[in-house]
Amino acid sequence: MTSRDVKIINETGFHARPAQLFVQKASQFQSAIKVKKEDGMEADAKSILGLMTLALVKGTTITIEADGVDEKEAVEELVKLIESKFGEE
Amino acid sequence: MVVKKLLSGIGVAEGIKFGKALLYNPVASQDIAIREFIDSEEVEKELAKLRVAKKEAFNELEKLIEKTKETLGENKADILRAQQNFLDDPAFYPEIEKKITNDKYSAENAVQKIVEQFAFIFDGMENEYLRERASDVRDLGRRLMAQLHGKKGMQLSDIKEEVILVADDLTPSDTVQLDKNYVLGFITKIGGKTSHTAIISKSLGIPAIVGVGKEIETIKNGDFLIIDGKSGTCIINPDDKTLAKYKQQIAKEEEENEILAKFTFKSAITIDGFQVEVAANIGTIKEAKVAVESGAEGVGLYRTEFLFMNEKEMPDEEKQYQAYKEVAKTFGEKPVIIRTLDIGGDKELSYLDLPKEMNPFLGYRAIRISLSQQELLVTQLRAILRASIYGKLKIMFPMVSSLEEFRQAKVIFQDVQKQLEQEGIDFDESIEVGIMVEIPSTAVLADQFAKEVDFFSIGTNDLVQYTLAVDRMNEKVAYLYDYFHPAVLNLINTVITAGHRNGKWVGMCGGMAGDSLAAPLLIGMGLDEWSMSSGHIKKIKYVISKLKLAECKELVKEILQLDTTEAVRQELEGFYKRNITL
């Protein structure tokens, strides 16, 4: 299992488009991927509905946790996506 | 060569009909309260239903997206695209499936639960964007529900050719949609003698057989059926000889009907001059008009719940007032007894959100709901009182099991009267307030009740169910369900005697009042008002016209000595044969 913490820095947080991009990216990997919040809530990284229920706004720190054959790449790519502010601005 | 086959069930509305079978799969329409749970063997069927709904919803969205792109642009289309994505979301669709598979939820119920689960979370969010997602999820939910509800599926009101309807069950809202001109009769897998399906088929005069059981599945669409609503038999693809026999019987019944028709508008009076009032049970304005044409001398039971059941939300005072007014005017000087809301049991209201109960007939229903959610009762009483100036209305409370309940209801009634007085609204101040006697405790204490109520109306359907501990919906114990059980007769006699001793009139609005075989007994007991399905009125008037009060009183004495249902039936059948030809 691989996991990493990352802070959401884009203005709109996990808005429609960012969330969609995140799910799209996550779905490219075979590993089971979870997104966890500090308050213990978690969601399937491949579920846009699930992610939305986490109310991920700018400034929230999340843990991305992957388990499977491609877990390392998965975590790395997803963190990169968040850090790139989903291409916003 | 199609093989002839015989099915048997419980005949609930007399008459022989033949015609083409139409299998009706109750994909509940929007205004039908959804079924919440399914049986294990239905899981596959439910999942399949859900899959179809999902696919259809997806396609529907696809079309909408294309159209939106053209007219409103890519951005707006994205909103719909998001909905489409929700459909495939691992937190959504598989969760709905799980509810069906693991918790035995119906597809509709599962969709609603999951949709609300998400909508609830979104509703509570600070972020406005996310809060708005609640409406997306709900919209998607509605789309799925519309598909599940069979927006494109069969609607009873769509039937435009003569058929005999074959179904698992029909909900009360299904049956009110039936068009007598096309639906010649129906036959259902479940249900009992007094299920609401049965009651409505009677009042519409549509022959019906219920409680046929699994065998009903042998009927195929388009099979030629003969149904006999009296004996409860259904013949699939009969041979010519059988058909001829039934045709002959129909001819005989038509002949009888001609004789009976002469009694439609006559008074119900015995040879020796004892007169009673024969009234009708109604649920809708449509039935009120049928009742008048059938010779009803009033309404002994106006079931107001149909006013509530065909709605998506609670009908307000004005809407109720209009309905009561219309019925009051239809009957003019003739009395109309309005029963306050009798919901619960087998009658659900989607907007009241009543919890599922283990024993709904022993649970939160009828006056129990009215007394705990008093605003419902107040609204209804206001509407009734306002309508009372247009005719002769009476008020009846259902399911009263103790004097405290009646007293509480009476206090509310008096408060409503005061309210209206203060508001300067006219109403009939002499309006009678009575109760339905359908719980054994009330029948036993009839003497005490009789001092405070204006009248009794015996509801035999529930009285039998509660006295004999027989679920009237359960076909397995249907054979035990019989109002000729000596214990039931004893209670009925107690109630009538207690009423009369205290100078109060006593009516009956259950199935027994419309049963010709019971008529001599009820005459003998002195029943004042008989309320029944309109279809029975002329026959009962005819039967009464052949009776003598003195003889019937003797009959009652003998019957009350008997110890078994069987013995009572035999005695009554003998008496009937000796005195009545038809």
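Reader: Why is B:Thr340 called buried?

Author: In this predicted model, B:Thr340 has a relative accessibility of 0%. Buried means under 20%, so B:Thr340 counts as buried. B:Thr340 sits in the loop between β12 (335-339) and α12 (367-372) of chain B.

Reader: Which residues does B:Thr340 touch, leaving out those up to four places away in sequence?

Author: The contacts of B:Thr340 are B:Thr304, B:Leu377, B:Gln380, B:Leu381, B:Ile395, B:Met396, B:Phe397 and B:Pro398.

Reader: Happy with that. What makes A:Arg4 and A:Glu83 a salt bridge?

Author: The N to O distance between their side chains is 4.0 Å, and the rule asks for a side-chain nitrogen of Lys or Arg within 4 Å of a carboxyl oxygen of Asp or Glu. The pair links distant parts of the chain, 79 residues apart, with A:Arg4 in strand β1 (residues 2-7) of chain A and A:Glu83 in helix α3 (residues 71-83) of chain A.

Reader: Why is A:Arg4 called partly exposed?

Author: Its relative accessibility is 39%. Buried ends under 20% and exposed starts over 50%, so A:Arg4 falls in between and counts as partly exposed. A:Glu83, with 45%, is partly exposed.

Reader: And A:Asp39 with A:Lys37: buried or exposed?

Author: A:Asp39 has a relative accessible area of 51%; exposed means over 50%, so A:Asp39 is exposed. A:Lys37 stands at 17%, and since buried means under 20%, A:Lys37 counts as buried. The side chains of these two meet in a salt bridge at 3.7 Å, N to O.

Reader: How do you know that B:Lys189 forms a salt bridge with B:Glu217?

Author: Their closest N and O atoms are 2.8 Å apart, and the cut-off is within 4 Å. B:Lys189 lies in the loop between β5 (183-188) and α7 (196-204) of chain B, and B:Glu217 in the loop between β6 (208-210) and β7 (224-228) of chain B, so the pair ties together parts that are 28 residues apart in sequence. B:Lys189 is buried at 19%, while B:Glu217 is partly exposed at 46%.

Definitions and conventions. Residues numbered from 1 in each chain as written. Chains lettered and ligands numbered in written order. Predicted model: local features only at pLDDT ≥ 70, side-chain atom pairs only at ≥ 80, totals over all residues. Heavy atoms only, no water. Helix = DSSP H or I, 4+ residues; strand = E, 2+ residues; numbered from the N terminus. Buried < 20%, exposed > 50% of the residue type's maximum accessible area, 1.4 Å probe, protein only. Contact = heavy atoms within 4.5 Å.
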